[in-house]
Amino acid sequence: MCGIAGIVSKSDVNQGLYDALTVLQHRGQDAAGIMTCDDGRLFLRKGNGLVRDVFQQKHMQRLSGNMGIGHVRYPTAGSCSSAESQPFYVNSPYGITLAHNGNLTNANELAQELFRTDLRHLNTTSDSEVILNVFAHELQALGKLEPTEEDIFKACEGVHRRCKGAYALVAMITGYGIVALRDPNGIRPLVFGKRTEDDGSVEYMIASESVALDSLGFSLERDVLPGEAVFVDIHGSLHTRVTAPNTKHTPCIFEYVYLARPDSMIDGISVYKARLRMGDHLADKIKKQWSHHPIDVVIPIPDSSRTSALQVAHHLGVKYREGFIKNRYIGRTFIMPGQSQRKKSVRQKLNPIELEFKGKNVLLVDDSIVRGTTCQEIIQMARDAGANKVFFASAAPEIRHPNVYGIDMPAAPELIAHGRTVSEICESIGADDLIYQDLPDLVTSVHEGNMNVDGLECSVFDGKYITGDVSDQYLASLEKQRSDHAKSQDLATYSASGAVIDLHNDS
């Protein structure tokens with residue numbers, strides 16, 4: 001879950017990219033970066049931290065140019081190293097910069113292939129650097145001094161042929177333009193839009209979510225199609241082509257459950273309306289299975305469960321109340337690298353309003369349950385605030401499997417639903433009762449927004465990996481990388497580094 005943006009404009013894009021990254025900050029809080037191009041020269045600033053911390057006035061002034069890309073990152077394989085913050089750059093051919101959201105499932109094989117066959121050196125363990133070098137090699141192999149859009153699309157065909165997994169990316173080719181690319185299954189989101197200036201000139205922007213376009217006054221044109229390349233040349237002309245065979249439109253369902261902002265449109269589906277429908281279906285199940293439970297009030301776990309919780313309260317005919325106040329200066333616990341840090345941050349992040357709990361039978365609604373750390377702490381907070389009974393409902397089904405397509409789900413044994421029944425999970429988190437959304441109802445909630453979508457990527461719930469190349473060996477290797485033990489080691493490295501990268505080297 002990273003956020004990417006790219007702009008080709010008639011004026012400087014530094015402020016626009018900064019603003020876009022702040023809107024996409026929910027997609028990654030580990031690192032941020034911007035690369036701009038000004039008359040053939042590249043200017044870079046990137047480092048660990050939030051957008052507001054990485055970029056200061058002096059850095060923004062140096063990021064000149066009317067073309068650029070940006071990235072907000074959190075690590076999908078556990079690494080917090082500042083060396084892996086994006087955008088990445090290779091100087092041959094032409095000078096290419098790339099920002100990527102997703103995860104390649106064949107990154108290790110490609111890294112060996114790049115070294116042994118393509119004779120390319122990789123400086124990090126990031127799969128984003130792998131896909132950058134694949135694209136660069138495919139473009140260089142054409143042997144053109146000045147590439148055309150046909151050449152760029154040919155190179156994109158090579159990326160699709162060699163790269164497996166999930167990827168949505170923007171790549172800036174120095175002096176030529178920006179190309180956006182989405183994997184053949186359309187797993188990770190990517191949209192583009194345009195803005196017409198007073199002089200009639202048209203500017204284009206590409207981003208992970210439509211809210212980034214909205215914030216800068218760009219109108220949403222459409223989503224980048226699965227397997228499609230979108231190229232905006234330096235003169236502002238748009239070129240598009242589907243460059244992958246056998247495409248299938250199967251976006252990640254977890255974008256609608258948790259990752260995306262509710263005011264985003266992804267693949268023609270309103271995230272907000274999808275979450276409303278999740279609440280409708282969840283309420284129906286509660287009425288059927290919990291008719292014996294006296295519920296006095298429905299309280300959401302802020303923020304992403306609010307929309308579903310509203311519908312649950314409406315259908316149950318009980319009060320909806322905001323029982324927790326959120327400290328917005330604490331990071332999302334899902335992104336925290338270590339278990340101890342996640343647990344500590346819950347009570348720093350949320351504080352209960354006692355009068356909404358005291359003496360009441362409370363139904364807490366969350367978007368999903370991953371490790372169970374957050375909901376366990378929250379349930380205890382509700383009891384400490386005087387709740388009589390605490391029931392818990394998840395707007396998503398049990399998460400039993402890791403994600404391999406760009407979401408940093410924990411190792412399978414660290415998922416609370418892994419190998420446990422619902423009653424065992426309920427006991428573990430300390431609730432009086434627990435209910436999960438059914439997967440068919442979740443799929444319906446999202447799919448109803450756009451029936452032209454072929455299907456939805458639901459592997460965290462059903463263990464079915466749609467790229468067909470995820471083996472038990474691969475999952476075992478991923479488990480070693482994503483365990484809390486591995487992340488605690490990375491966190492120590494992260495805390496010791498805090499480095500930034502600036503082209504001027506005087507940050």
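Biologist: Which strands form the open sheet with antiparallel pairing, and in what order?

Modeller: Start with the general idea. Strands of a sheet pair through backbone hydrogen bonds, either parallel or antiparallel. This is a predicted model, in which local features need pLDDT of at least 70, side-chain atom pairs count only at pLDDT 80 or more, and totals for chains, interfaces and linings use all residues. Residues are numbered from 1 along each chain as its sequence is written, and side-chain values use heavy atoms, with hydrogens and water left out. Helices (H or I, at least four residues) and strands (E, at least two) are DSSP runs, numbered from the N terminus. Two strands pair if DSSP finds at least two bridges between them. Now the case: 6 strands form an open sheet in the order E5-E6-E7-E8-E12-E13, and the pairing is antiparallel.

Biologist: Which strands stand at the edges?

Modeller: Strand E5 (88–90) and strand E13 (238–242) do. Each has a single partner strand, so one side of each lacks a neighbour in the sheet. From one strand to the next, the twist averages 20°. Such angles run from 0 to 180 degrees between N-to-C directions, with axes fitted as lines to C-alpha atoms, for helices over the stretch in contact.

Biologist: Over how many bridges do E12 and E13 pair?

Modeller: Strand E12 (residues 228–233) pairs with E13 over 5 bridges, in the antiparallel sense. Look at Phe-231: its opposite number in E13 is His-239.

Biologist: What does H5 touch on the sheet?

Modeller: H5 packs on it and touches E5, strand E6 (96–104), strand E7 (165–173) and strand E8 (177–182). The direction of H5 makes about 125° with that of E6. Contact means heavy atoms within 4.5 Å. Helix H6 lies across E7, E8, E12 and E13, at about 30° to E8.

Biologist: At roughly what angle do the axes of H5 and H6 cross?

Modeller: Two packed helices are described by the angle between their axes and the distance between the axes. Here helix H5 (residues 127–140) and helix H6 (residues 149–162) cross at roughly 135°, and their axes come within 8 Å. That makes H5 oblique to H6. The cut-offs: under 35 degrees is roughly parallel, over 145 roughly antiparallel, 65 to 115 roughly perpendicular, and the rest oblique.

Biologist: Is the crossing left-handed or right-handed?

Modeller: H5 passes H6 in a right-handed crossing. The rule: left-handed if the near helix is turned anticlockwise from the far one by less than a right angle, right-handed if clockwise. Residues of H5 in the contact include Ile-131, Val-134 and Phe-135, and those of H6 include Ile-152, Ala-155 and Val-159. By class, the contact of H5 with H6 has 8 nonpolar, 2 polar and 4 charged residues. Ala, Val, Leu, Ile, Met, Phe, Trp, Tyr, Cys and Pro count as nonpolar, Asp, Glu, Lys and Arg as charged, and the others, Gly among them, as polar.

Biologist: Is Ala-141 buried or exposed?

Modeller: Ala-141 sits in the loop between H5 and H6. With a relative accessible area of 59%, Ala-141 is exposed. Buried means under 20%, exposed over 50%, and partly exposed in between (1.4 Å probe, protein chains only).

Biologist: And Ser-264: where is its place?

Modeller: Find the loop between helix H8 (254–259) and strand E14 (265–266). Ser-264 is buried, at a relative accessible area of 1%. Leaving aside neighbours within four places in sequence, its contacts include Glu-209, Val-211 and Ile-269.

Biologist: How many residues of E1 are buried?

Modeller: In a regular strand the side chains alternate between the two faces of the sheet. In strand E1 (residues 3–8), 6 of 6 residues are buried. Gly-3, Ala-5 and Ile-7 are on one side, and Ile-4, Gly-6 and Val-8 on the other. E1 runs antiparallel to strand E4 (residues 67–73), joined by 6 bridges. E1 also runs antiparallel to strand E10 (residues 202–207), joined by 4 bridges. Ile-7 has a bridge partner in each: Gly-68 in E4 and Met-205 in E10.

Biologist: In what order do the 5 strands of the parallel open sheet stand?

Modeller: The order is E17-E16-E20-E21-E22. At the edges, strand E17 (319–320) and strand E22 (433–436) each pair on one side only. Strand E16 (residues 297–300) pairs with E17 over 2 bridges, in the parallel sense.
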